[in-house]
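Here's a quick tour of how the pieces of this fold pack together. Have a look at the model first, then read on.

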Amino acid sequence: MTASDDTTVKFRIRREMDGFRGVVARWWARWWVKTLAVLGVLALIGYAIFWFVFAAGLPSVDTLRTYEPPLPTNVRGVDGTPIHSYARERRVELSYEEYPPLLVRAFLAAEDKTFFEHHGVDYLGIANAAFTNLTTKRRAAGASTITQQVAKNLLIGNAQSYTRKIKEAILAYRIEDTLTKQQILELYLNQIALGRNAFGVEAASYAYFGKDLNQLDLAQMAYLAILPKGPSNYDPVRHTQRALDRRAYVLREMLKNRFITQAQHDSAMAEPLGTVPRQTPKTETAGSGYFVEEVRRQLLDKFGEDQRAGPYSVYSGGLWVRTSLDNKLQDYAQTALRQGLLRFESGRGWSGPLGHVGIDGAAWQSALLNTNIGLDYDNWRAAIVTALGSESAEIGFADGSTGALPRWGAQMPVRGEGGTAFAALKPGDIIAVAPEGGAFALRSVPKVSGAFVVEEPQTGRVLAMQGGFDFRIQAFNRATQALRQPGSTIKPIVYAAALEGGMTPASIIVDGPFCVFQGARLGQKCFRNFGNVGGSGSHTMRWGVEQSRNLMTVRAAATTGMPRVVALMDRIGIGKYPPYLSFALGAGETTVSRMVNAYAILANQGRSHPSTLIDFVQDRHGKVVFPTNWRACDRCNAPDWNGKPMPRPVSGGKQIVDAMSAYQMVHIAEGVIQRGTATVLRDLDRPMFGKTGTNTGPTDVWFIGGTPQMIGGLYIGYDTPHSLGGAAQGGTIAAPIFKAFATKAYEGLDKLPFRAPAGIRMVRIDRASGKPVFGAWPSDDPKAAVIWEAFKPESEPRRAVRRDLILPDPAAVAAAAAAAKTRAAEQARQQKEARRDSDFLQRQGGIY
């Protein structure tokens with residue numbers, strides 16, 4: 001390009017620019033152009049202000065696509081039966097297709113008739129609400145559509161302001177662009193608060209009518225549809241007529257919008273509300289309170305309490321928890337323990353009220369409900385004394401009903417005070433009563449308490465747990481929280497350590513005086529047998545266990561070495577104790593749960609499985625989140641055998657006790673049932689081992705034991721330890737309670753023997769001397785002279801006993817029996833105070 005061409009181009013550009021400026025100047029000179037420009041700038045400024053004030057920082061509606069409402073944690077038993085749920089908001093999440101169409105129409109008629117026509121905002125409704133708010137002094141009226149309510153409840157909160165309403169409308173538009181109408185309705189119906197701690201329509205259906213949503217009729221659906229406006233405003237008890245009027249409005253709107261026919265409308269209008277009183281949620285099974293509370297504690301430790309703790313929180317994570325609770329065994333254990341406590345307390349008088357509250361006229365029901373005191377034993381009920389007369393007391397119940405407690409129904413004496421229970425009653429007392437003779441009679445909840453635990457030895461799974469008489473009035477779980485002295489139930493652990501240390505079941509131990517020097521300050525300490533019974537000479541270890549001889553136990557512990565004994569107590573999970581001989585007699589504190597697990601380890605050939613209540617935990621989508629190494633057992637639930645090897649879960653656990661020593665101890669403890677301190681269990685007629693226990697005072701009585709299928713254990717004692725009475729023994733109080741449980745629990749189960757580990761030698765021995773026997777055989781007689789005894793390889797005694805020493809001639813037997821009978825009668829006369837269960841240190845005071 002030449003210089004002249006370049007000059008020409010520049011000239012043309014300059015000419016065109018001058019022309020454009022002229023056009024702009026001419027247009028700008030016109031007033032209406034300036035007006036439009038100013039308005040445009042103001043609009044942009046207004047939009048920016050609007051954005052920063054209302055739209056900036058609003059939550060993203062995309063979160064609603066994956067929104068997961070707070071859901072309760074549901075707990076199931078070993079067979080999958082629902083037993084409890086943990087929730088602050090009762091909610092059951094359903095898909096849109098699961099909601100009855102008639103119910104959806106009821107909510108549309110009540111809340112948003114044009115829901116399927118608008119795009120998130122109802123302008124006519126807003127105009128009407130604005131006019132009402134400007135012309136009246138009532139509380140500001142809203143015109144929120146269902147979409148706006150979803151935005152309010154899930155995204156921005158419930159503050160009363162016009163700013164919130166504008167934000168609500170913006171979010172409603174965005175929600176309508178993001179979700180379908182059906183998805184919006186699903187969110188709404190699942191999360192709306194409807195009173196009685198029910199969130200979502202399915203939860204409200206049970207809360208108000210005691211049944212599932214698909215079982216409701218039109219009138220009941222219409223009642224639920226009125227609740228979003230304010231559940232307390234339409235309470236079926238306090239505001240019955242207001243609720244009926246609002247329900248009638250919903251039914252009229254449904255008819256007006258052709259959602260129902262005239263006949264359906266008329267039929268529903270004629271129905272009463274039909275609601276039920278407030279009730280326990282259907283997933284809370286009576287009788288499992290102690291078990292599910294312990295599960296709750298463990299879940300809180302693992303996952304936390306609410307959403308701030310993470311996605312698997314207990315009260316909002318929607319977890320599905322499979323536990324090891326067997327409902328039948330739980331019922332048997334609970335019933336046996338309760339009846340044992342009542343049997344022990346019978347004749348001791350009224351134990352006093354369960355609680356006391358101040359009452360003011362007709363407000364007694366709320367006062368009773370606020371205490372959360374209830375009973376689920378037999379036909380007993382918790383009641384509050386509302387008024388007292390000379391011949392009867394007026395009482396009220398949690399459901400609002402009333403009754404009469406006549407004087408004749410409360411004539412038992414007041415425990416420790418004298419006088420009748422009726423004379424001691426006061427208005428506001430919360431008492432236990434039961435129907436009797438057309439009225440009610442007073443009942444006494446036992447002061448003594450205890451705990452019962454049942455465990456599967458092969459896995460450590462706890463099948464039942466009862467921590468007291470009734471969880472609603474005694475929430476303290478004595479099975480896991482009460483530290484008590486186990487008495488002679490500790491002895492099998494002591495002897496297991498002795499067996500590991502080289503002793504055998506036939507080892508001879510002296511039942512005689514045993515003293516130790518405890519230092520210059522404490523001096524010499526001498527141990528004693530139960531009831532001050534003196535020593536009886538030398539006997540086998542088996543005899544010492546069966547007869548629960550303290551002197552033999554401390555001598556075996558001293559021979560073995562207390563450091564070895566307490567080390568085994570620590571390894572087996574009972575507790576950490578210093579190496580003092582008194583701990584060989586049960587002076588250390590522990591829990592029923594730990595003791596049952598220790599016996600389960602012995603029954604499982606020394607292999608340990610920690611006590612567990614939770615099998616596994618799934619999140620709301622079914623993924624197992626606990627335990628972290630959980631693996632499904634492939635083909636375990638196959639309907640038919642496919643001919644291949646049977647699937648077997650991996651057997652874990654740690655070897656805590658030598659397998660042969662553990663079996664020897666179990667075999668010895670079977671003798672406790674056959675001829676020792678727990679012969680009350682012998683007629684169960686199945687292989688069973690166990691040990692009774694009675695500690696100082698006696699303040700507690702125990703029994704721990706069981707079969708290869710399950711191990712159970714219990715104790716009974718006062719929460720503030722004091723004497724149960726001089727005659728209290730584990731063999732006469734605790735063992736019969738276990739028998740009441742076992743009679744039902746073992747019904748139909750195979751009679752399985754305890755399996756001996758490889759290497760055990762079964763040798764015929766003389767039960768009294770422990771020497772091997774030739775020419776004679778054991779029999780079914782529990783007191784047979786010849787028995788089978790378990791020995792480790794090369795540990796059995798070598799010297800034999802002649803047959804004639806074991807089986808003398810019949811005449812000699814008869815003469816010896818007559819002489820023994822005479823001696824026994826004389827001994828019984830001289831030792832009236834002696835007791836059968838020889839636990840340590842009774843009536844002498846102190847821990848030895």
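What follows covers a sheet, a helix pair and the nonpolar cores.

Keep in mind that this is a predicted model. Let's start with the sheet: five strands line up as β2-β1-β5-β19-β20, forming an open sheet with mixed pairing. The edges belong to β2 and β20, and each has a single partner strand, so one side of each lacks a neighbour in the sheet. On average, and ignoring direction, neighbouring strands here are turned by 30 degrees against each other.

Here are the strands with their residue ranges:

| Strand | Residues |
|---|---|
| β1 | 73-76 |
| β2 | 82-86 |
| β5 | 320-323 |
| β19 | 614-618 |
| β20 | 624-626 |

β1 and β2 pair in the antiparallel sense over four bridges, and Arg76 sits opposite Pro82 in β2.

Now for a helix pair. α16 (residues 491-500) packs against α19 (residues 562-571) at an angle of about 115 degrees, with the axes 9 Å apart. The crossing is right-handed. On the α16 side, the contact uses Ile493, Val494, Ala496, Ala497 and Glu500; from α19 come Arg564, Val565, Leu568, Met569 and Arg571. That contact splits into seven nonpolar, no polar and three charged residues.

Finally, the cores. The largest nonpolar core holds 123 residues, with Phe738 and Phe741 making the most contacts inside it. Among the residues Phe741 touches are Leu329, Tyr332, Phe452 and Met710. Apart from that core lies another of 50 residues, including Leu102, Val150, Ala204 and Val250.

Notes. Residues are numbered from 1 along each chain as its sequence is written. This is a predicted model: local features need pLDDT of at least 70, side-chain atom pairs count only at pLDDT 80 or more; totals for chains, interfaces and linings use all residues. Side-chain values use heavy atoms; hydrogens and water are left out. A nonpolar core is a set of buried Ala, Val, Leu, Ile, Met, Phe, Trp, Tyr and Cys residues joined through side-chain atoms within 4.5 Å. Buried means under 20% relative accessible area, exposed over 50%, partly exposed in between (1.4 Å probe, protein chains only). Contact means heavy atoms within 4.5 Å. Axes are lines fitted to C-alpha atoms, for helices over the stretch in contact, and angles run from 0 to 180 degrees between N-to-C directions. Helices (H or I, at least four residues) and strands (E, at least two) are DSSP runs, numbered from the N terminus. A crossing is left-handed if the near helix is turned anticlockwise from the far one by less than a right angle, and right-handed if clockwise. Ala, Val, Leu, Ile, Met, Phe, Trp, Tyr, Cys and Pro count as nonpolar, Asp, Glu, Lys and Arg as charged, and the others, Gly among them, as polar. Two strands pair if DSSP finds at least two bridges between them. Lists of a residue's contacts leave out its neighbours within four places in sequence.
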